[in-house]
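Here is a short report on one protein model.

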Amino acid sequence: MHAARNVTISAPVEMSEPVRNSAWNNASAFADLKKFERALLVLCLGLGAAQIWISRYALGSDGVSYLDVGDAFFRGQWAQAINGYWSPLYAWCEGIALGLVKPSLWWEPITVHAVNFVIYVLSLFSFRFLLHSVLRSLRDDSADSSGEYVPLSQWILTGLGYCIFLWATIELIDVSYITPDLMVAMFIFLLGGYLVELRGSESLGRFALFGVICGTAYWSKAVMFPVSFALLAILLFSGALSKRRVLGVLLAGVTFLGVSAPLIAALTAQKGRLTFGDSGKLNYAFGVEPGISQKNWQGEPPGGGVPKHTTRQVLDRPPTFEFAEPIGGTYPPWFDPSYWDEGAHGTWRLRSQIRVLVQSARNYSKMLIAQLGLLTGIGIFLLWGRAPARRAILENWPLILAGCVSIGLYSLVLVRSRYVAGSFVLVFMGILGGIRLPREAQRTPLTKYIAAAVMGSILFSVFVFLAEAAYITNTVYDYPTDKDYVRAAEGLRNMGLHAGEKVAIIGDGDVQYWARLGKFKIVAEVFAPDAERMPFWSETWERRRMAYECFRKAGAKAAVVWSPPASVDPGWERVGNTNYYVRFLTR
């Protein structure tokens, strides 16, 4: 794939008869293609809106922390608006929206998801930029080549491209997740498009913009800081080396560091050490070696470091922790893990690293096998295109390698589909843009049938995913539903709890989304990550009474629990029509 040139599609040019009749240059076909693309854009917008609506009350544990950071930013509380674990850009966007709209309790999650939909729309048009960069490059190749093998038609690439976008954003990321992963994908699409555009172009303005996008992407997620260095290296070697290209990449590097510097400086000042973020280091300690606890870490296991400030364990049975100060947020242990886990560090061990790599490979396999139709279609095209297709795909190494950087980096620590969705799009667009088929294949219906089958399989998968999400959202389970959190927050307010008051919980504070909606602060907990095996109720009454007293001393006005046993202690009251129960401690 070569870089784009400035080509005006509608302008008449002198060309050979085979090229004039080609689908790449026929003006009428191009007008029809634009209509086809508009229909695909409408489909993408409709499916994205459907997913947002289905999950309009969902928040998520990470989402609560991002929203708390956003609130702190809007209030000008800079010490809390930046922390070493949650990157600020996405949180600040949500915080500005909530601060300006000031929604009611029921409308807060809907407002949050409306911001997500705006980001989804921006990511859609960022992908469109990537797609059109690839198409322009291939159009130039087609105009310059009279070989026997030609690229896939614009119709096929456009259709497959938007279907892959839907798979990545709807299934892998899930537009309804209150996390910055969709925003990161948006930046990845833009960077991929500029990698294609800058293969032959040496526009210093575009090089500078590339660096700005890298820096802004780092503000959305810390992993983009090391990834951006790899992207700059790919950018340098993606085209013919010249003094101007070297100067352009240096300019991109300077703008990248310039945009990144304020956040690095703020984090460094806060932590008292040079850092661009602690999420990678802590996730390695959590998930690889030595496997420390994500919450309420007290220094175990050996080799994980020495905690500098931890949550305070005030009772061993049941395991009761207090964390009212000094960190804010709805649930302080997850509002800033980089504070509570200060002193933790990972330890490299070959056996542990191999274990994680194997698990990462399994996760990637599950993602790809779920799109067996796409893999099968690509395999058929590769067999059909033979050596010319393989050579052309190798020529697309910058786009493919750019996608593989994040995929490889995450495989070392933790793989979640939403982390790598944008990177998968780059890889597949690089492969599809490199496929070459015999020229007569453009005229045979078989090519269109294969492409249609692939698109159909992807869309079927997306529709099934949305249908399953709708079913889960509207089905009653033994655990709280999204609406239960809203009802619980509303019920607790009706029972006398006010915004800003402190509460305690029995369970895992990580999933107590009602507290965020009610604007309560969780200051203590009997930690039990598995609600079905909660040890609290098996303790003696005396031990339970001691836990209640610890809650009261921590400043909690009430304790809350989900679905306690029938023989619940006296004093617990049901919250509205939910299975939440509250026990007031200071009445």
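## Backbone: positive phi

Lys102 sits in the loop between α5 (88-101) and α6 (108-144). Helices here (H or I, at least four residues) and strands (E, at least two) are DSSP runs, numbered from the N terminus. Phi of Lys102 is near 50 degrees, a positive value in a residue other than glycine. Lys102 counts as exposed, at 63% relative accessibility. Buried means under 20% relative accessible area, exposed over 50%, and partly exposed in between, with a 1.4 Å probe and protein chains only.

Lys519 is another non-glycine residue with a positive phi, about 65 degrees. It lies in the loop between α21 (513-518) and β6 (521-527). Its relative accessibility is 31%, so Lys519 counts as partly exposed.

## Basis of the values

This is a predicted model, where local features need pLDDT of at least 70 and side-chain atom pairs count only at pLDDT 80 or more, while totals for chains, interfaces and linings use all residues. Residues are numbered from 1 along each chain as its sequence is written, and side-chain values use heavy atoms, with hydrogens and water left out.

## Cis peptide bonds

The bond from Glu300 to Pro301 is cis, with omega near -5 degrees. Pro301 lies in the loop between α12 (279-287) and β2 (312-315).

The bond from Arg317 to Pro318 is also cis. Its omega is near -10 degrees. Pro318 belongs to the loop between β2 and β3 (320-322).

## The seven-stranded sheet

Strands of a sheet pair through backbone hydrogen bonds, either parallel or antiparallel. Here, seven strands form an open sheet with mixed pairing. Their order is β2-β3-β6-β5-β7-β9-β8. The edge strands are β2 and β8 (572-574), each pairing on one side only. Two strands pair if DSSP finds at least two bridges between them. On average, neighbouring strands of this sheet are turned by 30 degrees against each other, direction ignored.

Gln313 stands opposite Phe321 in β3.

## Strand β7

What pairs with β7 in the parallel sense? Strand β5 (residues 502-507) does, over four bridges. Val503 stands opposite Ala558 in β7. Strand β9 (residues 580-584) pairs with β7 in the antiparallel sense, over five bridges. There, Val561 stands opposite Tyr581 in β9.

In a regular strand the side chains alternate between the two faces of the sheet. Both faces of β7 are covered. Ala558, Val560 and Trp562 are buried on one side, and Ala559 and Val561 are buried on the other. Five of the five residues of β7 (residues 558-562) are buried, so the strand is largely enclosed by the rest of the structure.

## Helix packing

Two packed helices are described by the angle between their axes and the distance between the axes. Axes are lines fitted to C-alpha atoms, for helices over the stretch in contact, and angles run from 0 to 180 degrees between N-to-C directions. The axes of α9 (residues 204-220) and α11 (residues 243-271) come within 7 Å and cross at roughly 25 degrees. That makes α9 roughly parallel to α11. Angles under 35 degrees count as roughly parallel, over 145 as roughly antiparallel, 65 to 115 as roughly perpendicular and the rest as oblique. The α9 and α11 crossing is right-handed. A crossing is right-handed if the near helix is turned clockwise from the far one by less than a right angle, and left-handed if anticlockwise. The contact of α9 with α11 involves 18 nonpolar residues, six polar and two charged. Ala, Val, Leu, Ile, Met, Phe, Trp, Tyr, Cys and Pro count as nonpolar, Asp, Glu, Lys and Arg as charged, and the others, Gly among them, as polar.

Helix α7 (residues 154-173) packs with α19 at about 20 degrees, with axes 10 Å apart. That makes α7 roughly parallel to α19. Their crossing is left-handed. Phe460 is in helix α19 (residues 445-473). It is exposed, with a relative accessible area of 58%.

## Cysteines

How many disulfides does the structure hold? It holds zero. A disulfide is a pair of cysteine sulfur atoms within 2.5 Å. The sulfur of Cys44 is 7.7 Å from the closest cysteine sulfur, in Cys163, too far for a bond. Cys44 is buried, at 0% relative accessible area.

For Cys214, the closest cysteine sulfur is in Cys404, 17 Å away and too far for a bond. Cys214 counts as buried, at 0% relative accessibility.
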